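Let's take a friendly walk through a structure together. Keep the picture open as you read, and look for each part as it comes up.

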Amino acid sequence: MPTINDILVLLPEFYLVAAACLLLLMDAFIKPEQRGTLHWCSIVVLLVAIYLVIAGQPDVTVTAFGNMFIRDPASEIIKVFVLLCTVLVFIFSRPYLIDRKRFVGEFYTLMIFAVIGVMLMVSAGNLVMIYLGLEMLTLSSYALVALNRDSPLSSEAAIKYFVLGALTSGMLLYGMSMVYGAAGTLDLAQLHEAIAQGTVSRLMVFGLIFMLVGIAFELGAAPFHMWIPDVYQGASTPVTTFIASVSKLAAFGLAWRLLDTGLAGLSNYWQPMLAVISVLSMGIGNLVALVQTNIKRMLAYSTIAHMGFLLMGITNATPGGYASAMFYAICYALMSTVAFGVVLAMARAGFECEEISDLKGLNERSPWFAGMMAISMFSLAGVPPLFGFYAKYLVLQAAINAGYLWLAICGIVMAIIGLWYYLHVIKVMYFDQPEEGGATVSASDSSLRVVLSLNGLALLALGVYWGPLLGWCRRSLGLS
Amino acid sequence: MIDPNFFQLICFYAFGAITVGAAIAVISLRNTVHAVLSLVLTFFSTACIWMLAEAEFLAVALIVVYVGAVMVLFLFVVMMLDIDQVKIREGFVRFLPVGLVVAVVMLVEMLALIGVRAMHAQTLGVNPATVAGQSNTAWLGTALYTHYLLPFEVAALILTVGVVAAVALTLRQRSGSKRQMAAEQVAVDPRARVRLVKMDAVRPPVAEPPAASEEPKA
């Protein structure tokens, strides 16, 4: 039977559920012109959740509800950054939503529900909980993409996302049921035990393949990447920012939970599969991004490429490899919030920053935000003094340590190819003549300006002073 | 006399084959009503497999909820999509053969199940309810509210998210729709609609405009 201790372990999650329901009620009762209150309340709710997660951080692994929920240091890090990225998304989207008269309460509550799904998923101790957490995240995401009802592009993206998502969620579930059939348990710890005792049947490997499809789809890794460009382009930019940052951290959490906590004993089987997925993602992502003219689509293909790099860390299949992949996921989430944040800041009533050419001459009008975009692009490309460089270095090292030298070489070649399209954005911003009524950061929202600047400078600071964050990631996975 | 356990095994594979076949029919048949009928058969055969595994409560719930309620709703929606009344009447005859086939297959499945039970075949694997000495429903309830409490609650939360998402996506003002705004109707101020003008009962004598007399001269 569940006791009060079980509930205390889940305190951040329970608190967020209660807060989300209260925000939902609040939205129903406040006047439309007072929605600003809802915005600030949502941010406070998330900040308190970050505090609860950090304050209750256990030194050892704690389980609750009969091993359904695992609270361990590594899942805590993912939760903290998921909550942090959601705060960033809320702050960056407010002027955009107000300009387009889409400043609605559901935007906030659905995102908080998605975050609850992520928190439950990364802490899941049972295949059922993993599946339910993932469903909660994806269900909220489908609705968020479709929220912009008047745009046919959004509806198209939502339908594509929904159909493909439902298909892959079915595949994941099929894989889970096969593994359940082979091992006779849904519990991740017992599954780990069963595999360690040598009950690896063909049925289990068959199930593993389907589960990898689910993981690759969530990450957006090739060849399961088809939804990424359409959803990134079709969804309104705030939702794209959310999917690019929070969903990717969540996907790393899913991969780590399933492959490390549950199926670590099958690593001989999944390592080569992930290596192939990784190389395909880097290739397709970087090569197709070269020819994109739409900035959201270009960043979508860049996501696919980055997920290839992230998989390199997971392919290592040791705590060190997971630490480097976690570091990479955090790094990617923070870089993408800056890139999309500048796009959001540039958009204004009647002007959507969609094409790369919309950025023409940004440096002349708003040099500071052109600088932020440049930092983000250099960081995404992996240029040395920035955050992205060290993260790339770590995953390449993890791949070499795992004996995948060819994978690391492919990664380096692809990173060099990728440099071209990131530099193209910088060339457009700094060396092209600005057009009439073109690029400028017009948002007068001071919170956006301050937080976006801090986020951009964080990329610079973490690029030089990465030690504490990396140490936190390594300690959480049991390394010194 | 056939061996009961062998008969049960045959039934299991037969039900499985019908489930998969009907599921393939759902996605390959072009006629929507036929597809829905195949889906009914899929659910029913799945329920039969669960019945074989002695999960009676789940099997009955599947039939009551999905076949009884959800699928009938589906059928209504699919049939109502075509509003032409004559076509609907034609439809009843046209869909009769497929409906009959589905019904006959269901009947055969039920008879087979009764046969398996009557022969007292061994169970497929260990039944946790029997081990615990409880009825199937009581065991399921105990498991759901103790060991699986957290997933159960999370599933409820997912349904809440579904409701929020459905309302957010459908409740919106479309331009050109002629709907009533009850709040605005109640809150209306009479003075905004009718202006009362105070008038004397007797018309005051109107002074002859001087222009009228001058007009003919002009």
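## A proline in a loop

Pro223(A) sits in the loop that links helix 9 (202–219) to helix 10 (227–234) of chain A. Please keep in mind that everything here comes from a predicted model. What is the form of the peptide bond from Ala222(A) to Pro223(A)? That bond is cis, and its omega is near 0 degrees.

## Two residues with positive phi

Two other loop residues in chain A deserve a visit. Asn67(A) has a phi near 70 degrees, a positive value in a residue other than glycine. To find Asn67(A), look in the loop between strand 1 (62–64) and strand 2 (69–71) of chain A. Ala317(A) also has a positive phi, near 60 degrees, and is likewise a residue other than glycine. Ala317(A) belongs to the loop between helix 13 (295–315) and helix 14 of chain A.

Is each of these residues buried, or partly exposed? Asn67(A) is partly exposed, because 15 other C-beta atoms lie within 10 Å. Ala317(A) has 20 C-beta neighbours inside 10 Å, so Ala317(A) counts as buried. The cut-off that matters here is 20 or more for a buried residue.

## Inside the nonpolar core

Now let's go to the largest nonpolar core, which has 196 residues. Which of them touch the most other members? They are Val115(A), Leu310(A), Tyr328(A) and Val395(A). Helix 14 (residues 319–346) of chain A gives the largest share of this core, with 21 residues.

Leaving aside residues up to four places away in sequence, Tyr328(A) touches Phe309(A), Leu310(A), Gly313(A), Ala391(A), Leu394(A) and Val395(A). Another core, of 20 residues, lies apart from the largest one. Its members include Leu37(B), Leu41(B), Ile49(B) and Leu52(B).

## Where chain A meets chain B

The two chains touch each other: 24 residues of chain A are in contact with 16 residues of chain B. On the chain A side, the elements that give two or more residues are helix 2 (11–29), helix 5 (105–122) and helix 6 (127–146). Helix 6 of chain A supplies the largest share, nine residues. By type, the chain A side divides into 18 nonpolar, three polar and three charged residues.

Val104(A) can be found in the loop between helix 4 (73–99) and helix 5 of chain A. Val104(A) counts as partly exposed because it has 17 C-beta neighbours inside 10 Å. From Val104(A) to Met312(A) there are 208 residues in sequence and 40 Å in space, taken from C-alpha to C-alpha.

## A look at chain B

How many helices and strands does chain B have? Chain B contains eleven helices and zero strands. Chain B has 218 residues, and 17% of them count as buried. Now take the contacts in chain B between residues at least 6 apart in sequence: 66% of these join residues at least 24 apart.

Five residues from domain 1 of chain B and four residues from domain 2 of chain B make the contact. On the domain 1 side, these residues divide into two nonpolar, one polar and two charged.

Definitions and conventions: Residues numbered from 1 in each chain as written. Chains lettered and ligands numbered in written order. Predicted model: local features only at pLDDT ≥ 70, side-chain atom pairs only at ≥ 80, totals over all residues. Helix = DSSP H or I, 4+ residues; strand = E, 2+ residues; numbered from the N terminus. Buried ≥ 20, exposed ≤ 12 C-beta atoms within 10 Å, placed from the backbone. Contact = placed C-beta atoms within 7 Å. Nonpolar A, V, L, I, M, F, W, Y, C, P; charged D, E, K, R; others polar. Core = buried A, V, L, I, M, F, W, Y, C linked by C-beta atoms within 7 Å.
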